[in-house]
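The sequence and coordinates are displayed below for reference.

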Amino acid sequence: MDCGASVSDAPRIELLEILKTRPADHISCRAINLEWLVCSFLDAHPDVEAKQMPTELVVKEIIKPETATQQFRYMDRMRAAGGADAAAVSAGRPMYYISHGWARPFMELVAMLTKHFSAEAQSVWRHGQVVLQPCEVFIWIDIFAMNQHCNLEGELQQLKEVIADAESTLMVVDQAGAVLTRIWCLYEAWQAGRNGPGRLALLSYGTDFESLRKVFIELDVSRAKATVQSDLEHILAEIAADIGVLRMSHDLKDALLASVLNEVPVGEGIPGNVAACDVMAKGGLMCQLHGRPVESELLYRHELAGRERVLGMEHPDTLNSVSNLANALQFQGKLVEAGPLYQRALAGSEKVLGAEHPITLSSVNNLATLLRAQSKLHEAGPLYQRALEGREKVLGVEHPDTLTSVSNLASLLRAQGKLGEAGLLYQHALAGRKKVLGVEHPDTLCSISNLASLLQAQSKLGEAEPLFLRALEGGEKVLGVEHPITLSSVNNLAALLFAQGEYSKAAPLFLRALMGGEKVLGMEHPDTLTSVSNLACLLQAQGKLGEVEPLFRRALAGKEKVLGAEHHDTRICVINMASLLID
């Protein structure tokens with residue numbers, strides 16, 4: 001695998017030449033070294049750690065009071081002090097721009113930077129370059145580099161130049177991922193991403209991946225927040241005049257994915273430390289969220305091999321890696337490969353964490369979903385029920401995972417023909433997700449689509465159509481036009497139009513779903529094969545029989561290979577083929 005990009009010293013040398021031309025008082029020459037921050041600043045201000053002061057409080061109680069007399073930047077105070085303080089200020093040396101949220105503890109930022117520039121982490125993301133010592137790492141942090149006593153509007157206009165001068169912009173992602181909801185941080189990440197690959201890095205050490213998943217999916221520049229309303233208005237106006245907030249949201253997701261993949265170690269070797277495994281896991285997640293399942297699988301395979309080597313076979317992080325890989329395989333329709341992994345994850349979680357631990361309950365749910373995909377409905381039912389009851393008890397009835405269990409049980413009931421019971425649960429899941437996640441969250445959109453499919457199964461086509469349209473429009477806006485969930489919505493709407501006899505409207509949608517599936521999911525993915533079969537059914541209804549047989553044969557052969565001869569979907573393909581031969 002060669003997901004990472006080899007990094008040479010050439011960009012660093014080029015930036016150094018640029019910085020040499022900057023005057024000493026230029027905004028790009030106001031970085032401090034990491035050693036001074038950790039050893040001098042924090043030693044002199046122990047309350048920062050003892051009281052876990054948020055950055056905004058550090059500014060209020062330390063930065064402003066200590067620069068109040070001269071009304072200048074903290075950087076100017078350091079230069080005036082001379083000695084070690086003055087030596088800690090950059091002078092034409094490459095630096096890293098730090099993007100962070102002021103509401104978070106300042107020590108969280110320090111911990112992230114310390115971790116990122118540890119020898120172990122650098123051995124991963126610097127791709128074999130010489131490891132930098134703390135005194136060699138210069139970081140540009142706004143609270144030290146900008147005057148906190150005056151209107152910052154003039155200096156803020158220069159931030160683009162600082163980001164362009166920086167070797168990389170490091171976005172410090174907090175535990176809740178709140179930084180991805182702040183307009184300044186999103187703007188900084190966007191500017192960094194525009195400067196080219198490798199110029200943005202996502203610092204998420206210790207961040208819960210589920211939180212990162214949620215925030216990434218919901219990333220919407222138009223809903224970003226700012227402490228100062230005028231800042232928000234100014235930035236949104238600039239974005240609107242440039243590429244627009246919707247395009248920026250998608251560009252940001254692309255930039256964040258590129259930043260993660262840039263850290264992935266080059267080569268085929270199994271990761272040799274936890275830091276490398278974490279990068280693989282983060283890359284796998286980001287590829288999965290981008291609808292790139294093949295790359296996600298490769299990264300998860302390497303992550304799992306690394307954790308087995310470093311942590312052991314039964315460590316909770318290893319078991320989580322097992323589930324990650326199984327999920328990636330199932331997403332691609334590789335159900336037979338996914339099964340033993342889900343079984344292993346469940347058995348290991350029950351042994352190590354206990355039967356009611358949330359991770360164990362997730363493993364129960366995952367295995368049930370696989371069994372349902374294999375049409376083993378009677379085996380899936382008790383597991384779905386166990387997951388739902390456990391999550392209601394441990395997490396609460398409105399927790400997103402609990403609502404997922406409600407939705408999954410509804411889908412099982414629908415597959416069993418119990419449409420009335422399924423409808424009540426689908427309504428419950430939709431109402432809960434609207435309340436907890438919001439109307440545009442992908443899970444909410446899936447609930448809308450599920451309810452529409454149920455209405456279609458009940459022949460309530462007029463009620464189903466606006467829901468299918470709403471799910472499609474939401475998917476295109478939030479996830480993009482080629483994301484698998486969006487393509488599923490395209491297929492669903494096409495199927496409804498087909499059922500209504502609107503063949504001319506259904507045809508381009510079926511074709512779009514098929515072409516998108518082939519590109520994103522692959523030629524043999526079950527969803528792609530379903531699109532093949534759907535298009536064939538439409539052509540058959542239009543009397544274009546000469547074009548139909550190759551498509552039916554392809555769908556049948558693919559389903560037999562991927563799902564097995566006894567699977568429900570395979571049997572439908574057999575029936576379709578038989579109907580053609582009879583005709």
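## Basis of the values

The model is predicted: local features need pLDDT of at least 70, side-chain atom pairs count only at pLDDT 80 or more, and totals for chains, interfaces and linings use all residues. Residues are numbered from 1 along each chain as its sequence is written, and side-chain values use heavy atoms, with hydrogens and water left out.

## Salt bridges

Side chains of opposite charge can pair when their charged atoms come close. Across the whole structure, 24 salt bridges are found, the criterion being a side-chain nitrogen of Lys or Arg within 4 Å of a carboxyl oxygen of Asp or Glu. Helices are DSSP runs of H or I with at least four residues, numbered from the N terminus. For accessibility, buried denotes under 20% relative accessible area, exposed over 50%, and partly exposed the range in between, with a 1.4 Å probe and protein chains only.

Glu314 and Lys351 form one of these bridges, with their closest N and O atoms 3.0 Å apart. Glu314 belongs to the loop between helix 17 and helix 18 (316-331), and Lys351 to helix 19 (residues 335-352), so this pair ties together parts that are 37 residues apart in sequence. Glu314 is partly exposed at 40% relative accessible area, while Lys351 is exposed at 61%.

A further bridge joins the side chains of Lys393 and Glu356, at 3.0 Å from N to O. Here Lys393 is located in helix 21 (residues 377-394) and Glu356 in the loop between helix 19 and helix 20 (358-373), so the pair ties together parts that are 37 residues apart in sequence. Lys393 counts as exposed, with 60% relative accessibility, and Glu356 as partly exposed, with 43%.

Where do Glu303 and Arg307 lie? Both are in helix 17 (residues 293-310), four residues apart, which is about one turn of the helix. Glu303 and Arg307 are both buried; for Glu303 the relative accessibility is 1%.

Neighbours of Glu303 within four places in sequence being left aside, its contacts are Cys277, Met280, Ala281, Ser321 and Asn324, where contact means heavy atoms within 4.5 Å.

## Thr402 in helix 22

Thr402 is part of helix 22 (residues 400-415) and is buried, with a relative accessible area of 1%. Its side chain reaches the backbone oxygen of Gly396 at 2.7 Å. Beyond its neighbours within four places in sequence, Thr402 is in contact with residues including Leu388, Arg391, Glu392 and Leu395. By C-alpha positions, Thr402 and Ala240 are 38 Å apart in space, and they are separated by 162 residues in sequence.

## Aromatic pairs

The structure contains 14 aromatic pairs, counted where ring centres of Phe, Tyr and Trp (its six-membered ring) lie within 6.5 Å; planes under 30 degrees apart are stacked, over 60 edge-to-face, and the rest tilted. Trp36 and Phe41 form a tilted pair, with 5.6 Å from centre to centre and 40 degrees between the planes.

Both Trp36 and Phe41 are buried. Ring pairs also link these two residues with Tyr74, Phe106 and Phe144 in a cluster.

## Cysteines and helix 28

How many disulfides are there? The count is zero for a criterion of two cysteine sulfur atoms within 2.5 Å. The sulfur of Cys537 has its closest cysteine sulfur in Cys573, 8.5 Å away, which is too far for a bond. Cys537 is buried at 19% relative accessible area, and Cys573 is buried at 3% relative accessibility.

Helix 28 (residues 526-541) has 16 residues and spans 23 Å from its first C-alpha to its last, close to the expected 22 Å at 1.5 Å a residue; the expected span is 1.5 Å times one less than the number of residues. Of its 16 residues, 13 are buried, so helix 28 is largely enclosed by the rest of the structure. Gly543 follows helix 28 and has a positive phi, near 80 degrees.

How values were computed. Helices (H or I, at least four residues) and strands (E, at least two) are DSSP runs, numbered from the N terminus. A polar contact is a pair of N or O atoms within 3.5 Å; within protein, one must be able to donate a hydrogen and the other to accept it, and residues adjacent in sequence count only if both atoms are side-chain atoms.
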